[in-house]
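Have the model open as you read.

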Amino acid sequence: MSYGDPSRYLEKIYVEEDCYNLPYTKEIIARSGLPVTVLPNRQEPDICGNYPDNLPQGKQNLFLCRNRGKFFKPCPATKEYRCCDYQVLNIGMNCPMDCVYCILQSYLNNPWISYFVNIDDLFKELDETLLSNQHPFQRIGTGEFTDSMALDRLTGLSKHLVEYFSKKDNCILELKTKSVIIQNLESLEHNGRTVVSWSLNSPPIMAREEIRAASLQERLEAAVQCSFWGYKLGFHFDPIVYHDGWQEGYRETIRNLFQAVDKDSIAWISMGALRYIPTLKTIATRRFPHSSIFYEEFIDGLDGKLRYFRSLRVEMYTFIATEILKYIGPKTCLYFCMESDEVWKEVMGFTPEEKGGLPAMLDKTMC
Ligand code: SF4
């Protein structure tokens, strides 16, 4: 059963006092139709209960506030594994969906959803960063600490971002989501500078472990629509989860993906097996006692995260990569998110360095 727009889950908006009169804040409040409470600056919403047990209730509250720190940061990668040199544009924290494996449960310590309304500062910082030109080409995404599109019906941020990036030639924007809130993307002059991407998984994992997220069919229909509007697409098999029937599950998703979507519209597809910091297991198993995904055998990775044994990771990656390679187009980059050179070599037969490095492999897809 489809949940529909995840922003339907919201019940209340809180606003920091000095943001209340911003025209952008007023727009969001007007679109939402939700009750609003204005809070003194730096005072946070008061949600009953203790974190993380109050997350289901906390996620019903949207806090419109000012980002007093940096909007733009490199992805928090670790040197032990191959990283794609991604840059994160931090538009807010937390999300109205609720995935069992969501790392934000252990990264955050507030249950509500924060959304930063001082977007003039965001674009000013982007201008400064892109002008300083430390990197010849940047891939920039908003989906690291929240879902890029889940609140877009209310925020309309995608319109501002897509139009901004359409005028840049040294960067591209990736909007990564598990929702299908794409209506604002229609009719935008994107100039090929935005990639819209979806996380995909085996159907039982999507159904059981991704609460309030769109179904596979909905995600693929949205992808087809975005492709029709001229956007390049990305897909992320992440986290790949070991479960009964995983081969059939991932095969079915991949078959459905390539039946629905024109292979030439896909810029990249990533693969990353489930990995997590130890505190996530404590939180997620308490919040989701029905889930068994954390009860497999894991080892301590070099980055302090728990991972499946390398032999199992290689088995799953080899199966999934083989299925994808049956259909993939010549310009699409199939890559691993945070894997070692040994795994690259075993599964793909080469290391990223042999192809000029992972960032260069991805940048080439946009040429
Ligand atoms: S959609 Fe992304 S941000 Fe939202 S709960 Fe799931 S994993 Fe976390």
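## A tryptophan to start with

Let's begin at tryptophan 344, which counts as buried because it has 22 C-beta neighbours inside 10 Å. For the record, "buried" takes 20 or more other C-beta atoms within 10 Å of a residue's own, "exposed" 12 or fewer, and "partly exposed" is anything in between, with C-beta atoms placed from the backbone. Tryptophan 344 sits in helix α12, residues 341–348. Helices (H or I, at least four residues) and strands (E, at least two) are DSSP runs, numbered from the N terminus.

What does tryptophan 344 touch? Leaving out residues up to four places away in sequence, the list is Arg82, Phe336, Glu339, Phe350, Thr351 and Pro352. Contact here asks that two C-beta atoms, placed from the backbone, lie within 7 Å. Glutamate 144 is 200 residues from tryptophan 344 in sequence, and 24 Å from it in space, C-alpha to C-alpha.

## Ground rules

This is a predicted model: local features need pLDDT of at least 70 and side-chain atom pairs count only at pLDDT 80 or more, while totals for chains, interfaces and linings use all residues. Numbering runs from 1 along each chain as its sequence is written.

## The nonpolar core

How many residues make up the largest nonpolar core? It has 93, and Leu64 and Leu233 are those with the most contacts inside it. Strand β14, residues 266–273, gives the most to this core, with 6 residues. A core of this kind is a set of buried Ala, Val, Leu, Ile, Met, Phe, Trp, Tyr and Cys residues joined through C-beta atoms within 7 Å.

Take leucine 64 on its own: not counting residues up to four places away in sequence, it touches Ile13, Val15, Glu16, Cys19, Thr25, Ile28, Tyr115 and Val117.

Helix α11 (residues 310–325) has 16 residues and reaches 21 Å from its first C-alpha to its last, close to the 22 Å expected at 1.5 Å a residue. That expected span is 1.5 Å times one less than the number of residues. The buried residues of α11 are Arg313, Met316, Tyr317, Ile320 and Ile324. They fall within an arc of 100° seen down the axis of α11, so they line one face of the helix. The arc is taken from the directions from the helix axis to the C-beta atoms. Ser311, Thr322 and Leu325 are exposed on the other side of α11. Partners for the buried residues of α11 include β13 (232–240), α9 (246–260), β14 and α12.

Over in α9, 15 residues reach 21 Å from first C-alpha to last, close to the 21 Å expected at 1.5 Å a residue. Its buried residues are Tyr250, Thr253, Ile254 and Leu257. These cover an arc of only 95° around the axis, which puts them on the same side of α9. Glu248 and Gln259 are exposed on the other side of α9. The buried residues of α9 pack against β11 (194–200), α7 (203–209), α8 (216–228), β13 and α11.

## Around the ligand

Which residues surround the ligand? They are Cys95, Met97, Asp98, Cys99, Cys102, Leu104, Thr146, Asp147, Lys178 and Ala213. To make this list, a residue's C-beta atom, placed from the backbone, has to lie within 6 Å of the molecule.

The shell divides into 6 nonpolar, 1 polar and 3 charged residues. Here Ala, Val, Leu, Ile, Met, Phe, Trp, Tyr, Cys and Pro count as nonpolar, Asp, Glu, Lys and Arg as charged, and the others, Gly among them, as polar.

Now for the peptide bonds. The one from tyrosine 51 to proline 52 is cis, with omega near 5°, and proline 52 lies in the loop between β2 (36–39) and α2 (55–58). The bond from aspartate 238 to proline 239 is cis too, with omega near 5°, and proline 239 belongs to strand β13.

Asparagine 94 isn't a glycine, yet it has a positive phi of about 85°. Its place is the loop between β6 (92–93) and β7 (98–99). Is asparagine 94 buried or exposed? Asparagine 94 is buried, because 25 other C-beta atoms lie within 10 Å. Asparagine 191 also has a positive phi, of about 55°, without being a glycine. With 14 C-beta neighbours inside 10 Å, asparagine 191 counts as partly exposed.
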